[in-house]
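Here is a short briefing for a first look. Please keep the sequence and the model side by side as you read.

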Amino acid sequence: MKEKFAGWNILFLLYLKRDWKKMMIWIVGLGLFSAAYVPAFEEIAKGQGLSGMYETLQNPAMIAMVGPTPVETGAEYTLGAMYSHEMLLFCGLFAMVIAVLHVVSHTRKEENLGLTEIIRSFQIGRQANSLATMMEVVFINVLLALLISGVMISFGVDTISVEGAFLFGASIGMAGMLGAGIALVMAQIMPASSGATGSALGIIGLLYIIRAGTDISNVDLSMINPLRWTYLTYPFTENNWMPFIFALIFSLVMVVLAFALEGARDMGAGYLPEREGRERARKSLLSVRGLFIKINKGVMISWLVAFVMIGAAYGSIYGDMQTFLESNEIVQQMFANSEASIEESFTGTIMVVMIGLVSILPIVLVNKLFAEENRSHLSQLYATRVTRSQFYWTSIGLATFAGVTGILLAAGTLGGTAITAMGDQSAMGILDFLAAGFNFLPAVLFFTGLAALALGWAPKLSKAVYVYLAYSFLLNYFGGIADLPEWLLNTAIQSWIPRIPLEDFDLLIFVTITVISIAMIVIGHLGYNRRDLVEGA
Amino acid sequence: MPEIVNIQGLQKTFGKFQALRDVTFTVNAGEVVGFIGPNGAGKSTAIRILLGIIKRDAGMAEIFGKDVWKDSLEIHKRISYVPGDVTLWGNLSGGEIIDLFLKLHGRGDQQKRDYLIKRFELDPKKKAKGYSKGNRQKVGLIAALAADSDLYIFDEPTSGLDPLMEAIFQEEVEKIKEAGKSILLSSHILSEVERLADRVVIIRQGEIVETGSLDELRHLTRSTVTLATEGDVAEMAAVNGVFDFEQKDHQATFSADHKHLDDILREASKLGVKKFESVPPTLEDLFMRHYEG
Ligand SMILES: Nc1ncnc2c1ncn2[C@@H]1O[C@H](COP(=O)(O)OP(=O)(O)OP(=O)(O)O)[C@@H](O)[C@H]1O
Ligand SMILES: [Mg+2]
């Protein structure tokens with residue numbers, strides 16, 4: 001028994017040393033994200049804010065997104081109750097996902113890369129690596145839980161009790177452990193690391209969707225869903241430690257199961273056999289376009305489905321918009337506009353948020369070409385009749401297609417759900433929503449153009465396009481609440497575009513930004529055609 | 001004889017590092033040229049320039065009489081290439097990837113594809129992420145060998161292959177050679193080069209240090225001679241063209257420079273030869289001299 005884990009402590013210390021930067025970002029980033037919004041929530045809670053928010057969150061769509069609360073009337077809804085209601089599920093999900101990525105990358109991925117083989121040739125037990133990784137995750141999540149609790153307590157808010165704060169932090173830390181347990185089991189079962197990550201995240205996604213259904217129809221049924229144990233602790237209201245205990249036991253069971261599975265399998269192998277591929281390629285694969293569609297299919301479908309879900313989630317809010325806005329000063333300030341209806345105002349604002357998300361996919365697709373180049377996947381293809389222009393324009397075409405489809409799906413489902421939720425009161429038609437969406441097409445093209453420019457001239461900078469997107473997204477998101485100066489807002493490309501249906505369509509701007517974007521794409525092409533291709537450098 | 005590949009004074013610099021200083025060599029029609037040199041000498045860099053993957057800084061590089069950068073598309077219709085480290089898309093099967101390569105090459109031979117898959121014992125249904133290093137390499141080789149080209153460029157094509165598969169690769173290359181195709185073969189496996197190449201080009205630190213047929217190159221170097229004489233064999237140590245002299249009783253072993261072979265034999269016969277053995281240099285010896293020198 002001891003032999004199997006021999007030397008785990010050496011590995012554990014090695015990992016702490018190797019990962020300390022990643023750990024800092026993980027703990028501080030997620031910790032502050034989970035705990036530091038208390039002052040913002042205090043703003044929201046002013047006046048009738050709490051009971052207004054309470055009403056809003058009774059909307060089934062909102063329950064599907066954030067979960068239920070045990071509080072029964074708006075009057076009893078405290079700041080603490082609202083904070084854990086809105087934040088706990090999402091923060092728990094984040095903690096789970098990061099833990100999954102970390103555990104698989106330290107176990108199965110290293111095994112695939114052959115690193116484990118080297119380590120095992122020293123005096124290190126067969127399962128020491130898994131144990132060291134799990135201990136590292138425990139260590140990280142304990143620190144995370146303590147940081148969250150500490151930060152929350154430090155705000156000194158009445159309704160955020162010390163016990164509640166500890167339960168809140170512990171719930172998020174435990175969510176991380178649940179994710180780690182699931183990931184470690186999948187790492188044993190699946191034949192390769194990508195499958196382990198995918199299946200573990202898939203299980204979490206599935207649990208999330210199942211809990212959305214049971215939360216609305218029957219909360220008791222949700223009690224058998226591991227994901228729920230992370231947020232049904234109801235900190236600051238019921239302070240129920242039972243789900244936490246369940247989650248603890250469940251995580252331990254998963255870890256023990258994973259160790260048993262690992263002990264019985266060969267290194268590099270899984271329990272599920274690799275699915276057989278085709279002996280010959282389908283016709284549809286046999287072109288650059290076919291190949292690029294094939295290798296991007298997974299990411300494209302996942303994002304497009306996400307756009308539909310986000311559109312539907314926001315769309316379902318339209319039914320309760322009136323109550324929501326009247327109850328809340330800060331939100332009123334965000335959406336106030338005397339000339340337009342609240343729905344129109346909301347559409348104009350929410351569209352910016354959705355366009356920010358839609359813009360991610362084209363950047364991913366353009367950057368993919370460099371990723372493929374860098375992994376030397378294309379080396380042998382460079383020597384065929386395929387030209388660089390073909391690689392380039394196929395990527396740009398795919399990205400543009402994804403941008404247009406993304407807008408269509410996001411704006412379309414937003415409109416469809418909104419019109420259904422509003423019923424007869426709806427003053428807006430589906431075309432209004434689509435117009436509001438496609439009004440931002442130049443912004444999406446602009447990000448595509450930036451990514452293309454980077455691809456052609458400075459591929460090492462291609463990740464920086466995400467940074468600019470995140471920056472402009474945040475400017476737009478908070479631009480309404482914080483009083484930011486005009487010039488600062490204008491550094492975000494979306495700020496130049498009027499918000500339909502709130503403001504009038506501006507053809508000049510539409511055309512100008514589109515032309516600039518196309519110019520960037522063409523200039524990027526010139527660079528791509530003449531630069532040295534990088535191969536794993 | 002028409003030149004298929006013609007490189008003159010090729011130079012390439014990465015940042016401050018000059019990877020190619022002066023590379024000049026040719027591959028003639030129907031010829032197999034072995035391209036050898038130590039790690040980091042610039043073999044792959046030169047090949048990437050030939051393929052239009054990177055751009056040269058100076059010099060001339062032509063294939064089929066066309067510029068490798070400007071007319072790459074025309075050239076690519078008639079060449080095949082296998083890199084030393086074939087990387088593949090994990091979720092495609094080997095069979096799918098071979099089909100894709102052949103289709104994009106344009107002159108793939110289905111029958112030869114199936115024949116080579118059998119010959120190399122590749123399981124074409126397996127997803128590429130499940131392939132070992134050697135099996136990935138086979139996918140690249142099959143895709144290149146099953147395409148009908150006029151020039152085949154191999155950059156360490158057999159890295160990771162077991163000796164049996166290596167032998168099969170050599171047989172297949174010989175078939176291509178018999179069909180009159182040209183081949184540029186970079187390899188660290190000298191027996192492979194010795195068996196296949198008509199001519200060898202040796203590169204060191206971005207410069208071509210030697211080129212010629214194996215026979216020609218052998219003349220440039222020394223054979224290992226074992227000599228026993230009636231007189232004092234030690235006198236041989238002073239003869240012109242004798243190197244690395246070692247003596248054991250009446251028998252000596254030394255390297256004999258081919259240029260001075262005549263002197264050496266004359267001196268030896270003065271001492272009364274009892275035993276004379278000469279072993280020609282292997283490519284390995286040639287190599288060591290150039291790599292170290
Ligand atoms: N993209 C690049 N950027 C910077 N340096 C490079 C790049 N590509 C190659 N080099 C350098 O150029 C030199 C020649 O590399 P090259 O790959 O051509 O060597 P090689 O002869 O193929 O060696 P090996 O036998 O190891 O394959 C090496 O020192 C390498 O580090
Ligand atoms: Mg090389």
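The accessible surface of chain B comes to about 12700 Å² (Shrake-Rupley method, 1.4 Å probe; for residues, only the protein chains shown count as cover). Carbon and sulfur atoms hold 47% of that surface. This is a predicted model: local features need pLDDT of at least 70, side-chain atom pairs count only at pLDDT 80 or more, and totals for chains, interfaces and linings use all residues. Residues are numbered from 1 along each chain as its sequence is written, chains are lettered from A and ligands numbered from 1 in the order in which they are written, and side-chain values use heavy atoms, with hydrogens and water left out.

**Chain B**
- Of its 293 residues, 52% count as buried (under 20% relative accessible area; exposed is over 50%, partly exposed in between).
- Take the contacts (heavy atoms within 4.5 Å) in chain B between residues at least 6 apart in sequence: 68% join residues at least 24 apart.

**Where chains A and B meet**
- The contact takes 38 residues from chain A and 42 residues from chain B.
- About 3500 Å² is buried between the two chains (accessible area, 1.4 Å probe, that two parts lose on being put together, summed over both).
- Carbon and sulfur atoms give 57% of this buried area.
- Two salt bridges cross the interface (a side-chain nitrogen of Lys or Arg within 4 Å of a carboxyl oxygen of Asp or Glu).
- Lys12(B) forms a salt bridge with Asp532(A), with the closest N and O atoms 2.5 Å apart.

**A nonpolar patch on chain A**
- A nonpolar surface patch of about 1000 Å² includes Met135(A), Phe166(A) and Trp241(A).
- Patch residues have over 30% relative accessible area and no salt bridge; nonpolar side chains (Val, Leu, Ile, Met, Phe, Trp, Tyr) are joined within 5 Å, like charges within 9 Å.
- H12(A) gives the largest share, five residues.
- Phe166(A) lies in helix H9 of chain A and is partly exposed, at 38% relative accessible area.
- H9(A) is mostly covered, with 24 of its 28 residues buried.

**Leu365(A)**
- Leu365(A) sits in helix H17 (residues 360-374) of chain A.
- Leu365(A) counts as buried, at 2% relative accessibility.
- Beyond its neighbours within four places in sequence, Leu365(A) contacts residues including Asn296(A), Met300(A) and Leu398(A).

Note on methods:
Helix = DSSP H or I, 4+ residues; strand = E, 2+ residues; numbered from the N terminus. Buried < 20%, exposed > 50% of the residue type's maximum accessible area, 1.4 Å probe, protein only.
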